[in-house]
Amino acid sequence: MSKVNSSSLTPKYFILNGVPGLEAAHVWISLPFCFMYIIAVVGNCGLIYLINHEEALHRPMYYFLALLAFTDITLCTSTVPNMLCIFWFDLKEIDFHACLAQMFFVHMLTGMESGVLMLMALDRYVAICYPLRYATILTNSVIAKAGLVTFLRSVMLIIPFTVLTKRLPYCRGNFIPHTYCDHMSVAKVSCGNFRVNAIYGLMVALLIGVFDICCISVSYTMILRAVVSLSSADARHKAFSTCTSHICAIVITYVPAFFTFFTHRFGGHSIPHHIHIIIANLYLLLPPTMNPIVYGVKTKQIREGVIKFLFGDKAIITQEKS
């Protein structure tokens with residue numbers, strides 16, 4: 001018995017429908033997303049520029065922050081321009097291979113963001129628990145290797161997504177009820193058995209998300225023990241304040257991410273589909289938008305760098321006197 005030619009069941013393009021049930025409100029939905037995208041790009045580009053040009057920010061913590069900012073820019077840029085074309089110009093077609101490429105970059109970059117947050121937690125652990133050895137442990141070489149390993153981990157784990165999705169037959173049509181090519185959204189369009197896709201997606205979530213959260217939790221448990229043992233109240237306050245911005249970034253990133261992940265697999269019909277799609281977009285846009293604001297407000301060195309860039313050194317001196 002001859003096998004069916006899978007290439008004949010591969011569509012030339014998919015149709016991204018946007019937010020199902022809210023097509024008439026697409027223009028209004030696009031406005032906050034566009035505004036958030038502008039803030040994300042400008043804010044993260046500003047962070048990278050500031051860290052690159054201010055010598056006071058040439059430290060491991062800020063190198064990791066620059067890596068996070070670069071990841072955030074590329075993450076939201078991989079989806080938002082295409083989403084705005086759907087909302088504004090009704091350009092819903094996306095080439096099959098372009099869809100697979102978008103799917104790869106979305107999941108690879110979200111994995112990369114999770115890994116960078118884990119590295120930042122380890123950075124805070126070393127800084128607070130081993131302050132005298134901080135500079136010798138986190139050298140530029142170690143930082144570069146850690147960033148490379150995090151990148152390679154994401155790439156190697158996400159490549160099978162495109163392979164598994166490409167092999168599926170698409171005989172039900174080519175309409176995807178989403179604003180971008182998400183792995184499970186594309187797989188569910190298939191008329192074939194996508195159980196392997198679902199199982200592998202769960203494995204990747206465990207290998208990246210759960211592993212990173214466990215490392216972050218252990219790091220902050222050790223940090224909390226070290227901070228509580230400090231005798232000085234000022235020292236405890238300073239130690240806690242250095243971690244506040246990072247904790248906010250973790251919450252902003254993981255809460256919508258896990259909501260999206262679990263509703264895809266276990267939500268069924270209990271959650272309206274348009275709510276799920278909007279949350280899935282916020283999951284990619286909210287962290288890039290909020291991270292520069294959170295770090296800018298909570299981190300003294302970044303605040304001073306922004307003031308110095310905008311108003312010069314005298315403004316910092318005036319602020320310190322006041």
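1. Confidence. The structure under review is a predicted model. The protein chain has a mean pLDDT of 88, and 92% of its residues reach 70 or more. Residues 1–6 have pLDDT below 50, and this stretch makes one contact in the model beyond near neighbours in sequence. Where pLDDT is low, the predicted coordinates should not be read in detail.

2. Salt bridges overall. Four salt bridges are found when the whole structure is searched. Among them are the pairs Lys92 with Asp90, Asp123 with Arg124, and Lys300 with Glu304. The next three points take up these pairs.

3. Asp123 and Arg124. The side chains of these two residues form a salt bridge with an N to O distance of 2.9 Å. Asp123 has 2% relative accessibility and is therefore counted as buried. Arg124 is buried as well, with a relative accessible area of 6%; the cut-off for the term is under 20%.

4. Lys92 and Asp90. Here the side chains meet in a salt bridge at 3.6 Å, N to O. Asp90 counts as exposed because its relative accessibility is 52%, the cut-off being over 50%.

5. Lys300 and Glu304. This salt bridge spans 4.0 Å, N to O. Both residues belong to helix H11 (residues 300–311), and they are four residues apart, so about one helical turn separates them.

6. Ser190. The loop between helix H7 (183–187) and helix H8 (195–228) contains Ser190. Is Ser190 buried or exposed? With a relative accessible area of 0%, Ser190 is buried. Its side chain reaches the backbone oxygen of Pro169 at a distance of 2.7 Å. When neighbours within four places in sequence are set aside, the contacts of Ser190 are Leu168, Pro169, Tyr170 and Arg172.

7. Nonpolar surface patch. Val27, Trp28, Leu31, Trp88, Phe89 and Leu91 make up a nonpolar patch on the surface, and their accessible area together is about 690 Å². At least two residues of the patch come from each of helix H1 (26–53) and helix H3 (80–89). Which helix gives the largest share? H1 does, with three residues.

8. Leu31 within the patch. Leu31, one of the patch residues, lies in helix H1. Its relative accessible area is 44%, so Leu31 is classed as partly exposed.

How values were computed: Residues are numbered from 1 along each chain as its sequence is written. This is a predicted model: local features need pLDDT of at least 70, side-chain atom pairs count only at pLDDT 80 or more; totals for chains, interfaces and linings use all residues. Side-chain values use heavy atoms; hydrogens and water are left out. Buried means under 20% relative accessible area, exposed over 50%, partly exposed in between (1.4 Å probe, protein chains only). A polar contact is a pair of N or O atoms within 3.5 Å; within protein, one must be able to donate a hydrogen and the other to accept it, and residues adjacent in sequence count only if both atoms are side-chain atoms. Contact means heavy atoms within 4.5 Å. pLDDT is the predictor's confidence in each residue, from 0 to 100. Patches are made of residues with over 30% relative accessible area and no salt bridge: like charges are joined within 9 Å, nonpolar side chains (Val, Leu, Ile, Met, Phe, Trp, Tyr) within 5 Å. Accessible areas come from the Shrake-Rupley method with a 1.4 Å probe; for residues, only the protein chains shown count as cover.
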